[in-house]
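Please take me through this model in the viewer, one selection after another, and tell me what is found at each stop. I would like the cut-offs behind each term as we go.

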Amino acid sequence: MAPYTLLVNGGTRTIEADDPAKPLLYVLRGDLGLTAAKFGCGLGQCGACTVLVDGAALRSCQLAVSDAVGKTITTLEGLAPPEHPHPVQAAFIAEAAAQCGYCTNGMVLTAKALLDQNPHPTRAEITDGLADNLCRCGTHTRIVRAVLRAAGQG
Amino acid sequence: MTALPLSRRMLLKAGGAVIVSFGIPSLAQAASNQPTGAPRTLDPAQVDGFLAFHADGTVSVFSGKVDLGTGLRIAIRQMAAEELGIGVDQIALIEGDTALTPDQGPTAGSTGVARGGVQIRQAAATARQALIGLAAGRLKRPAGELDLIAGEVRPVAGGPADSPGVTVASLIGDRLLDLPIDAKAPLRDPDGYKLVGQSLPRPDVPEKVMGRHVYVHDFSLPGMLHGRVIRPPAIDARLETVDETSIAGLNGVRIIRIKDFLGVVAEDEWTAVRAADRLKATWSGGQHLPVQSDLYSAIRGTAVARDAAVVSKGDPAVLRGSSQIHTATYQWPIQSHASLGPSCAVADITPDEATIWTASQSTHRFRLAFAKFLDLPAERVRLIYLDGSGCYGMNGHDDAAADAALMSRAVGRPVRVQWMRADEHGWDPKGPPQLLDVSATLDSEGRITAWRTEAWLPLATAGLPNIPLLGPQAAGIGQVQGLSAGLIDQNTDPPYAVANVEATIHWLKSTPLRPSNIRAPGKIANTFAIEGFTDELAAVAGVDPVEFRRRGLSDPRGLDVLRRAATLFGWEPRPSPAPARNGPAEGRGIAYVHYKHSENYVALAMAVTVDPKSGAIRVTRVACSHDCGLVINPDALKNQIEGAIVQTLSRGLHEEVTFDHDRVTSLDWAGYPILTFPELPEITIDLVERRHEPPLGGGEAAAAPVAAALANAVFDAIGIRLRTVPFTPDRVKAAIKERGA
C-alpha cells in the first residue's frame, strides 16, 4: 500500500492504494465517498465518470491515482454547495435536463469546462462539445437547452 | 410521519456514500409502520395499503410503481395531492419496497400513471369521501357542503367565513382508515384541478444535477464487500477449472464458485475488478447461436409452437385472388437496453432473511423468485427499490441482484455487485429480433382492399413467473424455464379501414439470446412494418402520405393527432418520393399509431437529409402530436416523449447486437454505437389536452412510429425503401448501389 495525497474539492485528502494505476474513479467513489462520478464503461467512451482536473473535463476511469497527485480535482459535489447551484447546474435544473440522470454528472461538468473555454457557444459548438458524452434516455434536447441557458442564450 | 418512511427518507437524503447503521427496520418492524404499532396492510384493495395520514397533516403514499427517471415521483404526488387537497410537498412517497408498498404489478408497459397512479388516486378519493363523511357528523353539516383542504375538512368556499374546520388528525387520530377502495368514490372535477396538469418540478432532478442523488450504485452497508461475476465464454458453458494462483497477487479476494457460477468478492472495488479480470478459468460446452448474417432466415426456419390469428376479418380470398398483390418483408434486429450504467445491486443475505436493494422494475415479482432460489419464506425476503441507471424494460438489474444475493449468501456479508460494461452489453436480456411479411391490394381509387400480416415472434411461456436469471441458472438452482418479451404482437394490423384483414403470428419456440421486454415491446418493429408498408401503398396509389392515412381513419382522436402533427411540421401535401434534386436529398415522412389499438394516439412527422455518397442519414426535424388523455405533468411527459423519439431514432439508425457462434460480440459503445449529440434533430411536441379522458402512459407510445417515419422520410428523399433496421450508411449505400444496378 502506498499513500496518495489528492487535492479534491478544495481540500487535501490522503488515501492508501496498492496499485498506482487504480483509476481515480474508484478512489473518489470508494475511498472518498464522492459518488457523483459514475462508472459507465471503464473505457473512456461514455463520460459518466467525468471530473474536472485542473479545469479540464477528464474521464476519471482513465486517470490513474498516481497521475492525479498534484492536480486540482473538482467533482460534481464540489462544483457548488447544494443550496447555491453553479449556473450550469441551475440551468440543468431549470430545464429538467435529466431522466435517469446517470449521465448528468458528465454532462454538467463537460458543459462547465466547455463554457469556461467558450462562454457563448453556438448550438453546433455545444453538440460537438458533448459528442463524446452518451445519454441513453434521450434527454439530449434538454441538455443542449440547459447549456444554452447557462450561456445566457436560453 | 411514520417511523419507517421517515427513516428511509433520512437515508435517501443523506447523500454521498450512505452508510446505514440505523433506520433500516427489521422485517418484523417493517410489517408495522404506524406509530402505534398497528399493522399496516399491503392490500392494494385497501386505502391503508396506499395512504397513511400523519398528525402534522402530511401523508405518506406507498407506491408499488417506481420512478425510473420518468417523472412518476412527482406525477403520483400530483394525483394523490389533488384529491387530498394538499400540496405535493406534503406527501412522502415510498416506492417499490416489498415490505411497505402494495403489489401494483411491474413498472412496465407505461402503466405507472395509467394504472398505478389511478389506483392511488382512487384510494385518495375514497379517503377524502370517508373523511368528509366523518366530519359531516362532527360539524353537523351535510357532506356536500364540505371539502378536504390542507389537512382539514372544512366548508367549501361560499360558506360562512367563520365556519370551523376539523383536522384529519382529530378525525382519525392514530387509527387506520380500514376502508376498501371505493371505485365509485367521486374524483375531483378536472376543470378545477390545481396540481394535475401543472409542470411541477421533479424532486429528483436537483439531487441528480447536484450529484447528491443516491442510486443503488451509490448505496453501501457496513461490512459490505464488492463483487464481480465472471461470465462464461459461451452461453450456458460449464465451468471446468479455476486457477486460484492467477490472482495470488491480489489481497483479500475470495473466489465464489457455485457449480458454473463464478464470482469474486473483495473489500475494495478496484481489487474485485482486477480479480475478475485476471482470474483464469476453463469452460466447456455451451449453446450455439445462429450465424448472424443468416439471422432472419434462421427465424423463418425456427420451430413454430403455434400460429394464431390476431385479426381475421372479411374475406381472405380477396387478397389471394388478386392479380396485383403488393408485398414486402420488414426486419428488426436484436437490440440491447444498453443502459448507460451497468446494472448494480446490494444484497444482505443471512440464514434467516434477505434484504436486497435493487433497481428492479418489479420488486414484488422478484421477491418470490428470490425467496425460491434462496430457499427462504417469502415473508423473510425484502426487496427495496433504489434508482438505477435508466432501463427501458428488464435490463440486467434483476440479474445483478441475483448475483449479489448468491455471493452475499456465500460469504455471509452484504455484497454489492456492479456489472462491467461488457457484462451489460453482453448479458442484459435483449429485445428479440422481429420479422414481418406484409401484403395488400389496392382498388382503382387507391384504397386498401385487403391486408395480410405474418409476423414471426417468440412465444411467451404461459405462466412464467419471471424471466430466468443468469446467476441462479449458472449455480444450478432450479428456475421455471421459459421466455417472455412483453406484449409483442400488438399493432401488427393497420389502424385504417380495410374490409379484409388477416394478421397471423407464427409463435416461435425459441429466439437467439435471452429476451425481455424492451421499450414499447414489439410495437416499434410492428409499426415500422405496418406504417412503412402503408407508405409504400400510398406511393403506389400516388397519394400524399398524410391524405392516404386520413382517408382510412374515422376515429376523431386519431384524425386529430394526424392533422396536428402535419400542421406542426408544416407538411406540404404531395405524393412520395420527392422530385429528384442535386446534392444531399431531402425528404419527409409521417407515421401514425393508435397504441395497442386502445391507448395513445400519436402522429409523428420527420425531415431527413440523405447523403448518397456516404449513405449517411441525418434527421433534421421531428414534430410529434401526442394524445394520452389526461396529462398529469406536461413537462415530465414531454421529457418522456423526447426520450422515446431520440432513443428510437438511435435504434433505427445505429443499433444491432452482434454475435458469433457462442456469445454477443458488441460489448461496448464502439461495438454498439448509439445516437450522439451532433445527430440530434430539432424536436417539437404537441400535447393534446383531454382532461376528461383517463390518463394513459407516456413512456412508450411515441417510440412506436419513429422508425416508420424515418424509413418513410428516407424513401421520400431518395426513393429507396429501407426495410431492415438499422439504417447504417453501409446499408443505405448498398441499397443505392442495388437500385443503380
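The tour goes from the whole chain to its domains, then to a core and a sheet.

This is a predicted model, in which local features need pLDDT of at least 70 and side-chain atom pairs count only at pLDDT 80 or more, while totals for chains, interfaces and linings use all residues. Residues are numbered from 1 along each chain as its sequence is written, and chains are lettered from A and ligands numbered from 1 in the order in which they are written.

**Chain B as a whole**

Select chain B, which has 20 helices and 26 strands (DSSP runs numbered from the N terminus, helices being H or I of at least four residues and strands E of at least two). Its radius of gyration is 27 Å, close to the 27 Å that the globule rule gives for 741 residues, so chain B is as compact as a globular protein of that length; the radius is taken over C-alpha atoms, and the rule is 2.2 Å times the number of residues to the power 0.38. Along the principal axes, the C-alpha atoms of chain B fill a box of roughly 80 × 80 × 45 Å.

**Domains**

Next, colour chain B by domain 1 (8–198), domain 2 (217–286 + 337–427) and domain 3 (434–740), bounds that come from an automatic or database domain assignment. The C-alpha centres of domain 2 and domain 3 of chain B lie 35 Å apart, and their contact takes 28 residues from domain 2 and 26 residues from domain 3 (C-beta atoms, placed from the backbone, within 7 Å). On the domain 2 side, select helix 11 (363–374), helix 12 (397–411) and helix 13 (421–427) of chain B, the elements that give two or more residues to the side touching domain 3.

**The largest nonpolar core**

Now show Leu604(B), Leu710(B) and Val714(B), which touch the most other members among the 272 residues of the largest nonpolar core (buried Ala, Val, Leu, Ile, Met, Phe, Trp, Tyr and Cys residues joined through C-beta atoms within 7 Å, where buried means 20 or more other C-beta atoms within 10 Å of a residue's own). Helix 19 (residues 706–718) of chain B gives the most to this core, with 11 residues. Around Leu710(B), leaving aside residues up to four places away in sequence, the residues touched include Met606(B), Val619(B) and Phe727(B).

**A four-stranded sheet**

Finally, select the open sheet of 4 strands in chain B, ordered 23-24-25-26 with mixed pairing (strands pair if DSSP finds at least two bridges between them). Strand 23 (585–594) and strand 26 (682–687) of chain B each have a single partner strand, so one side of each is left without a neighbour in the sheet. Strand 23 pairs with strand 24 (residues 601–610) of chain B in the antiparallel sense over 10 bridges, and Arg588(B) has Ala607(B) in strand 24 as its bridge partner.

Technical notes
Buried ≥ 20, exposed ≤ 12 C-beta atoms within 10 Å, placed from the backbone. Contact = placed C-beta atoms within 7 Å.
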